[in-house]
Amino acid sequence: MDSWELSLAPLPCSPSCPGPPEGACPSSGTLGGSRRKDWSCSLIVASLVGAFGSSFLYGYNLSVVNAPAPYIKAFYNESWERRHGHPTDPDTLTLLWSVTVSIFAIGGLVGTLIVKLIGRVLGRKYTLLVNNGFAISAALLMACSLQAGTFEMLIVGRFIMGVDGGIALSALPMYLSEISPKEIRGSLGQVTAIFICVGVFTGQVLGLPELLGKESTWPYLFGVIAVPAVVQLVSLPFLPESPRYLLLEKHDQVAAEQAFRTFLGKEDVSRELEEVLAERRVQRNVRLVSVLELLMSPFVRWQVGTVVITMACYQLCGLNAIWFYTNSIFGKAGIPPEKIPYITLSTGGIEILAAVFSGLVIERLGRRPLLIGGFGLMTLFFGILTATLTLQDHAPWVPYLSIVCILAIIASFCSGPGGIPFILTGEFFQQSQRPAAFIVAGTVNWLSNFAVGLLFPFIQKSLDTYCFLVFAAICLTGAVYFYFVLPETKNRTYAEISQAFAKRNKAFPPEEKIDLAMKVHVN
């Protein structure tokens with residue numbers, strides 16, 4: 001994150017900074033041109049605090065259960081024996097553990113389905129704030145489960161954290177998309193992906209035996225979840241609500257104008273205000289559309305289809321399979337078992353570096369090349385990995401090539417497919433459609449996540465190392481689809497993106513036809 005902030009953000013504010021409104025930083029020098037002026041202090045703080053209390057926790061909860069798994073299973077067995085007078089049988093213990101892991105996805109689906117209802121009443125910022133209540137209550141349940149001797153508290157806590165993740169991965173991208181200028185919307189949106197990677201890496205680090213990955217301290221791994229939630233809870237109230245939400249849904253132009261000034265770091269926000277007002281004129285009677293209305297609308301059929309395919313590829317591209325094979329591949333490469341957890345940290349480090357790289361270049365290269373290139377490279381490296389795993393006993397250097405392929409697949413994923421799906425979901429739809437669109441995207445995301453957890457063991461058992469060819473086919477399908485269908489969205493307004501899809505949809509919203517006709521008449 002440091003290199004990203006230093007390259008894109010202006011110098012920190014000092015008390016003597018003249019000119020811009022409170023919370024904004026003036027641009028220093030000419031390096032970076034107008035792009036540097038887009039990054040105000042408030043915008044950076046909002047993205048960092050929002051992501052730390054939201055997408056960071058999602059990533060952390062993906063990895064935090066791996067290290068203490070043996071101790072949690074022992075806790076389940078002891079609790080069962082204390083209640084029933086005999087140890088649990090292996091099948092029941094496996095079922096309890098599977099429920100503990102997979103119920104996170106079920107909670108995520110529930111969170112996705114309720115976020116529209118919460119967001120309609122509270123707005124983007126206060127949805128994120130209320131969501132911290134789920135994280136804190138889940139942290140307390142899971143951290144106290146061992147002391148209480150009740151393993152159900154851990155399972156319920158995982159479910160509640162899933163609800164938190166489902167709300168966070170919908171509300172946060174909406175908030176970041178709506179507070180950022182279109183010139184840096186992609187870079188700011190990548191903060192979501194970067195903090196998911198940081199969360200995964202943090203879970204790996206804290207799970208080391210020297211830290212919290214011990215029998216006596218594993219509950220603290222779950223108690224840590226409360227820290228980012230509390231940080232967001234005490235920081236985010238000092239930042240404005242989304243100006244687009246204030247203007248289009250609350251009809252509060254004064255508050256929206258002040259929010260624009262704070263986030264953009266300048267007094268004159270007339271251009272940005274006019275863009276949103278133009279959207280309000282197009283959507284004269286703005287009301288939030290339902291999921292069914294969105295799915296049935298001919299004006300957004302290709303946007304919805306693209307979001308569904310993007311989210312499905314995001315979860316089904318095989319990264320979970322990579323995590324499954326990592327330890328065995330490192331072992332076959334000759335790495336001692338006790339050192340494998342430390343070597344595995346390299347995968348988390350690669351994730352962070354690739355996500356930061358994507359944030360640095362997304363406004364130069366665009367969403368389309370990063371998404372197509374990421375899935376294309378994953379296809380290539382999955383093919384090579386299949387060959388190296390099949391031939392790994394033929395030469396001593398082959399397992400090391402497998403390790404290189406694993407790191408390359410992770411880097412390819414995080415450089416594009418790991419964060420862009422959330423950005424595109426926010427960019428494809430108008431204000432009234434966006435909450436329903438995130439419900440659709442989130443539903444596909446969490447159902448695909450659950451399907452991978454449920455089906456992958458069977459796929460792996462049937463195909464062994466050839467299972468990666470299945471994921472290669474999915475990645476290739478995604479890359480081909482995006483090549484032919486996906487328009488570039490960088491530096492475009494929401495109306496311009498909608499127009500880019502209009503020809504493919506073969507339908508134009510009547511309101512936009514009238515608005516375009518008026519513009520042509522005026523010109």
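Is G359 buried or exposed in this structure? G359 is buried, with a relative accessible area of 0%, and the legends below place this residue and several others within what is a predicted model.

**Figure 1. The whole protein, as a setting for the close-up views.** The secondary structure of this predicted model consists of 24 helices and zero strands. Of the 523 residues in the protein, 56% count as buried, while the accessible surface comes to about 21,700 Å², with 67% of that area belonging to carbon and sulfur atoms. Among contacts with a separation of 6 or more, 81% are made by residues 24 or more positions apart.

**Figure 2. G359 in helix α17.** This helix spans residues 340-365 and includes G359. Although G359 and G189 are 170 residues apart in sequence, their C-alpha atoms are 8.1 Å apart in space.

**Figure 3. Helix α4 and the residue N449.** Eight of the nine residues of helix α4 (residues 55-63) are buried, and therefore the helix is largely enclosed by the rest of the structure. The buried residues of α4 include F56, L57 and Y58. Y58 is also one of the residues touched by N449, together with A105 and Q315, when residues up to four places away in sequence are left out. N449 itself belongs to helix α21 (residues 434-463), and it counts as buried because its relative accessibility is 16%, which falls under the cut-off of 20%.

**Figure 4. The crossing of helices α5 and α7.** Two packed helices are described by the angle between their axes and the distance between the axes. The axes of helix α5 (residues 69-84) and helix α7 (residues 151-179) come within 9 Å and cross at roughly 135°, so the two helices are oblique to each other. On the α5 side the meeting residues are I72, F75, Y76, S79, W80 and R83, and on the α7 side they are F151, E152, L154 and I155.

Figure 5. Side chains of opposite charge can pair when their charged atoms come close. A search of the whole structure finds eight salt bridges, and in one of them the side chains of E257 and R261 meet at 2.9 Å, N to O. Because E257 and R261 are four residues apart in helix α12 (residues 253-264), about one helical turn separates them. E257 is partly exposed, with a relative accessible area of 23%, whereas R261 is buried, with a value of 19%.

**Figure 6. Salt bridges of R367.** R367 is buried, with a relative accessible area of 0%, and forms a salt bridge with E363, where the closest N and O atoms are 3.2 Å apart. E363 counts as buried at 8% relative accessibility. The side chain of R367 also meets that of E427 in a salt bridge of 2.5 Å, N to O. Since E427 lies in helix α20 (residues 420-427) and R367 in helix α18 (residues 367-390), this pair ties together parts that are 60 residues apart in sequence. E427 is likewise buried, at 0% relative accessible area.

**Figure 7. The region around the loop between α21 and α22.** D464 lies in this loop and is partly exposed, with a relative accessible area of 42%. The C-alpha atoms of D464 and T390 are separated by 9.4 Å, although the two residues are 74 residues apart along the chain. L463, Y466, L469 and V470 form a nonpolar surface patch that has about 330 Å² of accessible area together. Of these, L469 is found in helix α22 (residues 467-485) and counts as partly exposed at 42% relative accessibility.

Technical notes. Residues numbered from 1 in each chain as written. Predicted model: local features only at pLDDT ≥ 70, side-chain atom pairs only at ≥ 80, totals over all residues. Heavy atoms only, no water. Buried < 20%, exposed > 50% of the residue type's maximum accessible area, 1.4 Å probe, protein only. Contact = heavy atoms within 4.5 Å. Patch = residues over 30% accessible without salt bridge, like charges linked within 9 Å, V, L, I, M, F, W, Y side chains within 5 Å. Areas by Shrake-Rupley, 256 points an atom, 1.4 Å probe, with all protein chains shown as cover. Salt bridge = Lys/Arg side-chain N within 4 Å of Asp/Glu carboxyl O. Axes fitted to C-alpha atoms, helices over the stretch in contact; angles between N-to-C directions. Parallel < 35°, antiparallel > 145°, perpendicular 65-115°, else oblique.
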